[in-house]
Amino acid sequence: MPEEKHIAPQEPDKEFDRRAFFVKLGLGSLSIAAAGTVAFAYQFLSPNVLYEPSPIVNAGKPENYAVDSVTLDVNSGIYLIHAQEGFFALSAICTHLGCMTAWKPELGIIACPCHGSKFKRDGEKIEGPAPRPLPWLQTSVSDEGDLMVDRSITIRPMQFVRV
């Protein structure tokens, strides 16, 4: 009898099976695709909300403002002006391209540093490319006696709040 070579049968658990490899690769790919789909679906279904601060600004007590003063609140983009007739508020945003304007007390004007528009203290346009005067904003007095400016409501000029 010729010598027979005995090949020991390999255990199926430790065998590197090509079919099992491709099954695992396919299931892994499907798992990654499913996770990506879930992530994009969550992003699509979640609300896309822009949270903005309240348009109503508490400007403080009227006695904090001297007569004939112009006060710029940079955070809210308003001028609070205490004239002889009373209080009023102007938007500090230039009507040309939306730049923040600056009060020039030595000249008595509001000037836009971007393109040179100039406005009187009451918001009326003097010169420059701005198409409109600075808008007047609704100003009122709260129950506690604070000046309140609503940046979302524009009013006609020359409406003063008397305190």
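**Reading strands and rings**

Q: Which residue in β10 is the bridge partner of Thr 139?
A: Val 149 in β10 takes that place. Keep in mind that the model is predicted.

Q: How many bridges join β9 to β10, and do they run parallel or antiparallel?
A: There are 6 bridges between β9 and β10, and the two run antiparallel. They make a hairpin with 5 residues between them. Have a look at Gly 145 in the turn, where phi is positive, about 95°.

Q: Which other strand is joined to β10 by 4 bridges?
A: That's β1 (residues 56–60), again antiparallel to β10 (residues 147–155).

Q: On to the rings: what describes a pair of aromatic rings?
A: You give the distance of the centres and the angle of the planes. With rings paired if their centres lie within 6.5 Å, the count here is 5 aromatic pairs. One of them is Phe 21 with Phe 22, edge-to-face at 5.2 Å centre to centre and 65° between the planes.

Q: Why is the pair of Phe 88 and Trp 136 stacked?
A: Their planes are at 10°, with the ring centres 4.1 Å apart, so the pair counts as stacked. Phe 88 sits in β4 (residues 86–91) and Trp 136 in β9 (residues 136–141), so this pair ties together parts 48 residues apart in sequence.

Q: Are Phe 88 and Trp 136 buried or exposed?
A: Both are buried. Phe 21, by contrast, is partly exposed at 40% relative accessibility, and Phe 22 is partly exposed at 46%.

Technical notes
Residues are numbered from 1 along each chain as its sequence is written. This is a predicted model: local features need pLDDT of at least 70, side-chain atom pairs count only at pLDDT 80 or more; totals for chains, interfaces and linings use all residues. Side-chain values use heavy atoms; hydrogens and water are left out. Rings of Phe, Tyr and Trp (its six-membered ring) pair if their centres lie within 6.5 Å; planes under 30 degrees apart count as stacked, over 60 as edge-to-face and the rest as tilted. Buried means under 20% relative accessible area, exposed over 50%, partly exposed in between (1.4 Å probe, protein chains only). Two strands pair if DSSP finds at least two bridges between them.
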